[in-house]
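Here are my notes for your first look at this entry. Keep the structure open beside them and check each point as you go.

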Amino acid sequence: MYNLNWFSQIGLQHYLLLSSALFICGMAGVLLRKNAIVILMSIELMLNAVNISFVAFSHYQSKLEGQIMVFFVMTIAAAEAAVGLAIMVSIFKRFREVNIRFFERLKG
Amino acid sequence: MISDAILFWILAFLSLSAGLTVVMIANPIYSALALVMTMVSVAGLFVTLGAYFLAGVQLIVYAGAVMVLFVMVLMLFDLKNEVYAFTQGLLTNVVKLGCLGLLAGLLAGTLVLSSYQSQEIQDKVVAAADQTKALGQLLFTQYLFGFEVLGILLLIVAIGAVALSRSRGGTHHV
């Protein structure tokens, strides 16, 4: 029974499938949603999906480097959230709105 | 082995459904709460992969700090369509009480189980401590440069975030 084995024996493939599915969720959020905060959240979702694949490779190849990369990704994600939310606060002060349709024409 | 598979499928279902909820649901507050659920299940996936320290960091940094930041900024925005964000009713109250009961049962179960210290659990704790030590050594020797750069980046970001949110909204003068 090949099918049953696929469900009961978890390998690298399963984690990579889950990771790519989560990444696609996040990408759909970035592409489809109009609320800028939800777009930032979807970016966090994509970063988390990448973290899953890093840790999965690190586990199945018995190397710790993947986990170090996860540290770096987490730090970048926190920094990105801080800057993104600061920009959102600034935009909300100016436009009273966080829907990206209302400030798609920005001038420098 | 079969328990690992069951745990993986539960966590995969939780993270995928919560991730879909983040994208699908109209209310941003609900998306933030669903994102917290995703983070927690990703931390659980890290535990199934044996990355115990990263699971802790994931919970503290993402589910703790980053998501609190998101929710606080959402609260700041005073969006009009958030009026119905927090419903009241018999069903929701029952669900809330059920969650409280689950948490109480989980805590009681953990306390009871922690009194049985088996050799297997001891070995796992020692292995996790060894892995965390190796991770720290790698981070502070081979990847020291990246670590320092990240420290400087965080400093810049902290200053930049304060400066950005104090500004009056850029170049648009009406």
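**Notes on the two chains**

1. Start with the two domains of chain B. The C-alpha centres of domain 1 of chain B and domain 2 of chain B lie 12 Å apart. Domain 1 covers residues 1-86 of chain B, and domain 2 covers 89-174. Keep in mind that this is a predicted model.

2. Now the contact between these domains. Four residues of domain 1 of chain B touch five residues of domain 2 of chain B. Together the two domains of chain B bury about 350 Å², and 65% of that area is on carbon and sulfur atoms. Which three residues supply 89% of the area that domain 1 of chain B buries against domain 2 of chain B? They are Gly50(B), Tyr52(B) and Phe53(B), and they supply more than any other three residues.

3. The side of domain 1 of chain B that touches domain 2 of chain B has three nonpolar residues, one polar residue and no charged ones.

4. Step back to the whole of chain B. It has six helices and zero strands. Along the sequence the pattern reads α-α-α-α-α-α. Chain B has 174 residues, and 30% of them are buried. Take the contacts in chain B with a separation of 6 or more: 56% of these join residues 24 or more positions apart.

5. Turn to the interface between the chains. The size of an interface is often given as the accessible area lost when the parts come together. Chain B and chain A bury about 5600 Å² between them. Of this area, 79% is on carbon and sulfur atoms.

6. Look at what makes up this interface. There are zero salt bridges between chain B and chain A. Six residue pairs are in polar contact across it, both residues of each pair being at pLDDT 80 or more.

7. His14(A) deserves a look. It lies in helix 2 of chain A, residues 12-32. Is His14(A) buried or exposed? His14(A) counts as buried because its relative accessibility is 5%, and the cut-off for buried is under 20%. Beyond its neighbours within four places in sequence, His14(A) is in contact with Trp6(A), Gln9(A), Phe8(B) and Trp9(B).

8. Val70(A) also touches chain B. This residue lies in helix 4 of chain A, residues 65-95. Val70(A) has a relative accessible area of 0%, so it is buried. Apart from residues up to four places away in sequence, Val70(A) touches Asn51(A), Phe54(A), Val55(A) and Leu54(B). Ser53(A) is 17 residues from Val70(A) along the chain, and their C-alpha atoms are separated by 9.6 Å.

9. Compare two serines of chain A. Ser42(A) lies in helix 3 of chain A, residues 36-60. At 0% relative accessibility, Ser42(A) is buried. Ser62(A) sits in the loop between helix 3 and helix 4 of chain A. Ser62(A) is exposed, because its relative accessibility is 67% and exposed means over 50%.

10. Check the backbone at Ser62(A). Most residues other than glycine have a negative phi. Ser62(A) is not a glycine, yet its phi is positive, at about 55 degrees.

11. Finish with Val149(B). This residue is in helix 6 of chain B. Val149(B) counts as partly exposed because its relative accessibility is 40%. Val42(B) is 107 residues away from Val149(B) along the chain, and the C-alpha atoms of the two are separated by 26 Å.

Methods:
Residues numbered from 1 in each chain as written. Chains lettered and ligands numbered in written order. Predicted model: local features only at pLDDT ≥ 70, side-chain atom pairs only at ≥ 80, totals over all residues. Heavy atoms only, no water. Buried area = accessible area lost by both parts, 1.4 Å probe. Salt bridge = Lys/Arg side-chain N within 4 Å of Asp/Glu carboxyl O. Polar contact = N/O pair within 3.5 Å; in protein donor to acceptor, adjacent residues only side chain to side chain. Helix = DSSP H or I, 4+ residues; strand = E, 2+ residues; numbered from the N terminus. Buried < 20%, exposed > 50% of the residue type's maximum accessible area, 1.4 Å probe, protein only. Domains from an automatic or database assignment. Contact = heavy atoms within 4.5 Å. Nonpolar A, V, L, I, M, F, W, Y, C, P; charged D, E, K, R; others polar.
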